[in-house]
Amino acid sequence: MKLRTSLGVFRASVLLALGLPATACSGDSTSDGAAGKVRPCTNSQPVSGKAHLEQCDEGFVHRTTPAQCQSQLPRPDACTPTVAGSESCSMDADCTEHPHGQCGIYGQLTECACQYGCVTDADCAAGQLCECGSPVGACVQATCRTDADCAGGALCVQTSLQKCGPWGYACQTPNDACTEDADCDPGQLCAMDGNSRKCLQNDCPVAGRPFFVEAEARVAAVEPREDWSRPLTDLALPVAEADRHALAAHWARVGQMEHASVAAFARFALQLLALGAPAELAIDTQQAMADEIRHAEACFGLASAYAQRALGPGTLNVDDALMPTDAAAIVRLTFREGCVGESAAAHEVREAAAQSEDPALRAMLEGIAADEERHALLAWRFVKWALVRFGAPVRAAVEAEVRGLQGEAEQRPGQDPLAAHGVLSEDTRLFLRQQAVRELVLPCAAALLADAGETVARV
């Protein structure tokens with residue numbers, strides 16, 4: 001299945017909400033792809049934690065040598081699913097279909113499942129390479145494996161291999177009009193088109209906010225009840241009996257996450273008051289909490305329809321949820337839940353909507369995606385305010401979160417047999433989250449940190 005996602009428009013919306021230009025992610029909106037030469041790379045420096053990769057001052061990343069990735073497998077700890085009975089494995093040792101198997105919870109939902117990685121390029125199929133990450137590397141698509149595979153001084157650059165995906169590596173060419181999305185005008189994306197990269201019109205279509213307490217993403221249990229369910233009665237796509245259980249379980253888990261998002265925003269409202277934040281942020285937080293209630297009702301409505309019995313959330317454990325209340329800790333939590341969690345959620349729901357074949361379900365998912373994008377923008381706006389208001393401790397907190405994201409393993413999209421019903425696989429959800437981190441969260445965080453530093457210097 002071909003994914004149809006792009007983050008160019010969403011990223012531009014984040015930058016606009018932050019008062020930053022759409023080219024802020026790279027600092028250069030011009031194209032250096034004049035015919036007859038490849039785009040130059042100046043001051044190429046190793047990427048932190050990935051010595052086989054280097055990044056140019058121009059913003060793009062290229063692969064200088066083959067990777068020799070480290071493996072932390074098998075890990076000693078068991079995977080514990082949020083929903084009992086949803087696991088297909090419990091330990092890394094259970095994942096034996098291919099080498100380098102790992103058992104974990106991938107994407108935004110809650111199942112324990114196997115995925116398989118790599119430590120060298122030899123572990124990957126032809127047309128792929130091994131990209132290092134934690135706890136092990138992952139195979140990604142590639143038409144080159146190092147700069148040495150490219151002729152005429154060209155580099156083996158991270159890139160979109162075709163419009164709307166997938167991401168991988170390809171040599172620069174003399175006819176490239178761009179190297180990454182930031183080189184293109186707003187509303188365009190940079191992708192391989194034939195044998196060169198071009199700025200193409202972004203007409204590609206692009207789940208809620210996690211409730212973290214310490215490192216735990218808390219949700220309520222699912223139980224029989226009718227008052228948290230809003231039926232979607234005009235579904236037209238037939239459902240095979242064998243798929244009903246899987247669809248009911250999926251939408252119940254999404255309902256759990258959306259229900260937990262209500263608590264996350266309730267806590268955020270109190271944190272805003274504790275920090276003396278502007279009234280407009282508090283107003284938008286109140287609206288977001290109401291949005292998440294609607295999302296939870298819709299998702300439990302779908303779960304109830306497929307399960308053919310009323311389902312809803314039980315009690316939610318909120319013990320210790322308000323601590324701590326210092327600015328740096330609140331910003332780290334907001335960055336994790338909002339800038340990352342809601343940005344990735346919006347991106348995932350956009351793709352689920354694009355794949356859905358039922359008009360009513362597609363419309364519901366598109367509405368949720370639009371809400372989640374607004375919620376992500378709220379988080380980004382708060383982080384910008386806090387950076388200027390509280391200075392160095394908050395900046396250090398954001399930088400720490402960014403460093404944690406830079407070491408994440410890459411993932412390929414999976415097979416999505418229930419995509420017509422708005423359900424994407426664990427592998428695809430993880431791929432979309434990583435895509436959101438790589439193409440939206442990290443570049444926008446870098447632009448925001450740079451702008452905040454300039455603002456403080458002017459003051």
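Let's begin on the outside: Leu270, Leu273 and Leu322 form a nonpolar surface patch, with about 310 Å² of accessible area together. A patch here joins residues with over 30% relative accessible area and no salt bridge, with nonpolar side chains (Val, Leu, Ile, Met, Phe, Trp, Tyr) within 5 Å and like charges within 9 Å. Accessible areas come from the Shrake-Rupley method with a 1.4 Å probe, and for residues only the protein chains shown count as cover. Leucine 273 sits in helix H2 (residues 241–275) and counts as exposed at 62% relative accessibility; exposed means over 50%, buried under 20%, and partly exposed in between.

Please keep in mind that this is a predicted model, where local features need pLDDT of at least 70 and side-chain atom pairs count only at pLDDT 80 or more, while totals for chains, interfaces and linings use all residues. Residues are numbered from 1 along each chain as its sequence is written, and side-chain values use heavy atoms, leaving out hydrogens and water.

The protein has seven helices and 15 strands, taken as DSSP runs numbered from the N terminus (helices: H or I, at least four residues; strands: E, at least two). Of its 459 residues, 55% are buried.

Now for the inside. The largest nonpolar core has 45 residues, and Phe335, Trp380, Phe382 and Val398 have the most contacts inside it. Such a core is a set of buried Ala, Val, Leu, Ile, Met, Phe, Trp, Tyr and Cys residues joined through side-chain atoms within 4.5 Å. Among the elements giving two or more residues to this core are helix H4 (327–355) and helix H6 (392–406). Valine 398 touches Val331, Phe335, Val383, Leu387 and Leu449, leaving aside residues up to four places away in sequence; a contact is a pair of heavy atoms within 4.5 Å.

Charged pairs complete the picture. The structure holds 18 salt bridges, each a side-chain nitrogen of Lys or Arg within 4 Å of a carboxyl oxygen of Asp or Glu. Here are three of them:

| Pair | N to O distance |
|---|---|
| Aspartate 121 and arginine 63 | 3.0 Å |
| Arginine 381 and aspartate 284 | 3.0 Å |
| Glutamate 439 and arginine 438 | 3.7 Å |

Aspartate 121 and arginine 63 are both buried. Arginine 381 is partly exposed at 22% relative accessibility, and aspartate 284 is partly exposed at 32%. Glutamate 439 and arginine 438 are buried. Finally, a network of salt bridges links Asp291, Arg294, Asp371 and Arg374.

Key. Buried means under 20% relative accessible area, exposed over 50%, partly exposed in between (1.4 Å probe, protein chains only).
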